[in-house]
Amino acid sequence: MCGIVGYVGPKSTLEVLLGGLKRLEYRGYDSAGVSVISGTGLETRKKAGKLDNLVNEITNHPLSEAHIGIGHTRWATHGAPTDGNAHPHLGGPTAKLSLIHNGIIENFSELKAELLAAGTKFASETDSEVAAHLVAAEFEKTGDLPTAFVNVVKRLHGAFTILVIHEDQPDVVLAARRNAPLVIGVGDGENFLGSDVAAFVEHTKRAISVGQDEIVILRANEIEIRTFEGAPVAPVEFEVSWDASAASKGGWSSFMAKEIADQPQAVADTLMGRLESDGSVRLSEIDGLSTEDIKNIDRIVMVACGTAAYACDVAKYAIEKFARIPVQVELSHEFRYRDPIITKNTLIVAVSQSGETMDTLMATRYAKEQGAKVLAICNTQGATLARESDAVIYTHAGPEVAVASTKALVAQITAGYLLALFLASERLAAGCDATDEATLRKLGQELLKMPARVTNVLEGLNEVRALGKEMANAKSVLFLGRNVGFPVAMEGALKLKELAYIHAEGFAAGELKHGPIALIEEGQPVIVIVPSPRDHDSLHPKVISNIQEIRARGAKVIAIAEAGDKEVANFAEHVIYVPQCENIFSSILTVIPLQVFALELSGAKGLDVDQPRNLAKSVTVE
Ligand code: M6R
């Protein structure tokens, strides 16, 4: 899960590469490097740490003017984040070849042994350097760079996007892709390569996704794509739907702060064109599934990781409630390797912001092999998950740059609600048991009001901001919720762990008395997501009892409750109110104070909220 950028064309290559790396830094930020080919040959600069370190290095040791180059921002897998392990890696005894790699070469030990036996000297501990030396040696033998390149990549096992340039071929960038993302940016007299479109969107919105086991031979005026077996591939262009400004901070203190503020739009854009004013849902994206197919679904398995998995947990409540289809939520990595039961009537719903999470890709590939249909909920156009699924519901959250997911989550939850209403309506039409049409329409109309309510939540967060700052020294925070409040509690804890590096756990409030209540001691902060008291089957009284149980043992309670809930104030030190809505949709609102709490607490500790330690935005290794 590194960021990769390549360029060939008349612009200042260094500017293009550094601009691309800045936008890709969310993918990894342990070290960064660039190589360019200038009139005097191949030049490389690389440095451990964030991109700024590389920029300083280049300021101190400038690069010559060049019109071709490659750049890399790293999330370490093989070898610590040091200058030496930073990419690019040089290949061959004369070091004329430069290579960058995203992914893991699983058979690198065997290949390295072969190179060591032949006397190759290594400058790093990485798996990637092996590929650099192999391509350089193969080029010596064949004299043809694309042939040498493909001969080597065919020998590699695992996941990789690899870019190569060579001093003796100063007009071409080669790229190969297997199980890792690669997109081409199509320019006029110039072309680009990137791990995703963010790498080049400020220069062109024309893009081509590169398929599995394909290589790209890229020149300023020519794009050639071939399979590893040499068959030509016809490029399919698409238009990037957002512009560069969407991926810049726009005056906010951090990308995360901006992305939290983007949430009303993310929800509205995800609903747009799918939810009519009468509350009916149209999901033309899944037209491929006939009413008969939907009738035959006997189980839905939702696969995802991290925050996306919590979006699935929320969707489960809605799908089961409205469409009466059993839903199982699975962490992709656990699902894939436990011989799960999948039949042709199982619908797999894979949820991923990036669409490149390797665990989720492996889970969906496995499910497809077993004959299941896969529906993706994905935020990234042209992502691998979208390409490999039978149908895609795109969330329209726009680019999410901060490592901690916020607007992508609310968009995923929104898409999950849409799916639930759609499936319910289709099942009803097919004569199955489901919520009646009039209720579904009413729910659809309620969902249309959610963007305005999200705005409302964002306008009333001063108390949460203050609490986040005040609690900067907290050692542990617990989160409790029930029903859709339970995944929200889990998400609140995850946000705090990843952003503020403090112990945080989310529990189902009803589970507390089965063990976790032993954690409560005097002064323990507990954030409780309180359900609406208005439903006739509301869990409100039960959550109030849970609060009383922990308060009796010294907990300090911060409640996230619905406007008008007067009772809760009697049982909590602080109450953060969110607007009233159907309880099932409340997750979109109650999660926002928790995002802001984590953001503020992290800021108060002086931490980097956009790039927390040890993490990367897209986890493209298993
Ligand atoms: O791109 P994805 O949605 O597949 O990513 C899944 C998780 O890696 C991601 O949600 C992660 O948990 C976030 N850092 C949480 O904020």
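**Chat about the ligand site and salt bridges**

Reader: Hi! Which residues are closest to the ligand?

Author: Hello! In this predicted model, 14 residues surround the ligand, and the closest are Ser352, Gln353, Ser354, Thr357 and Glu498.

Reader: Nice. How does that shell divide into nonpolar, polar and charged?

Author: The shell has 5 nonpolar, 7 polar and 2 charged residues.

Reader: And which helices supply at least two residues of the shell?

Author: Helix 9 (306-323) does, and so does helix 17 (485-500).

Reader: Where does the ligand lie relative to the domains?

Author: Shell residues come from both domain 2 (252-448) and domain 3 (459-604), so the ligand lies between them.

Reader: Let's get down to atoms. What is 2.4 Å from an oxygen atom of the ligand?

Author: That is an N or O atom in the side chain of Glu498. Backbone atoms take part too: a polar one of Ser405 is 2.8 Å from a ligand oxygen, and a polar one of Thr307 is 3.2 Å from a ligand oxygen.

Reader: How much of the ligand's accessible area does the protein cover?

Author: On its own the ligand has 410 Å² of accessible area, and the protein covers 90% of that.

Reader: Back to Glu498, then. What does Glu498 form a salt bridge with?

Author: Its partner is Lys495, with the closest N and O atoms 3.0 Å apart. Both residues sit in helix 17, 3 residues apart, about one turn of the helix.

Reader: What about Glu25, what does Glu25 pair with in a salt bridge?

Author: Glu25 pairs with Lys22, and their closest N and O atoms are 3.2 Å apart. Glu25 is buried, at 3% relative accessibility, while Lys22 is partly exposed at 47%.

Reader: Last one: which residues are linked in a network of salt bridges?

Author: Lys258, Asp262 and Lys407 are linked that way.

Terms used
Residues are numbered from 1 along each chain as its sequence is written. This is a predicted model: local features need pLDDT of at least 70, side-chain atom pairs count only at pLDDT 80 or more; totals for chains, interfaces and linings use all residues. Side-chain values use heavy atoms; hydrogens and water are left out. A residue is near a molecule or strand if one of its heavy atoms lies within 4 Å of it. A polar contact is a pair of N or O atoms within 3.5 Å; within protein, one must be able to donate a hydrogen and the other to accept it, and residues adjacent in sequence count only if both atoms are side-chain atoms. Accessible areas come from the Shrake-Rupley method with a 1.4 Å probe; for residues, only the protein chains shown count as cover. Helices (H or I, at least four residues) and strands (E, at least two) are DSSP runs, numbered from the N terminus. Ala, Val, Leu, Ile, Met, Phe, Trp, Tyr, Cys and Pro count as nonpolar, Asp, Glu, Lys and Arg as charged, and the others, Gly among them, as polar. Domain bounds come from an automatic or database domain assignment. A salt bridge is a side-chain nitrogen of Lys or Arg within 4 Å of a carboxyl oxygen of Asp or Glu. Buried means under 20% relative accessible area, exposed over 50%, partly exposed in between (1.4 Å probe, protein chains only).
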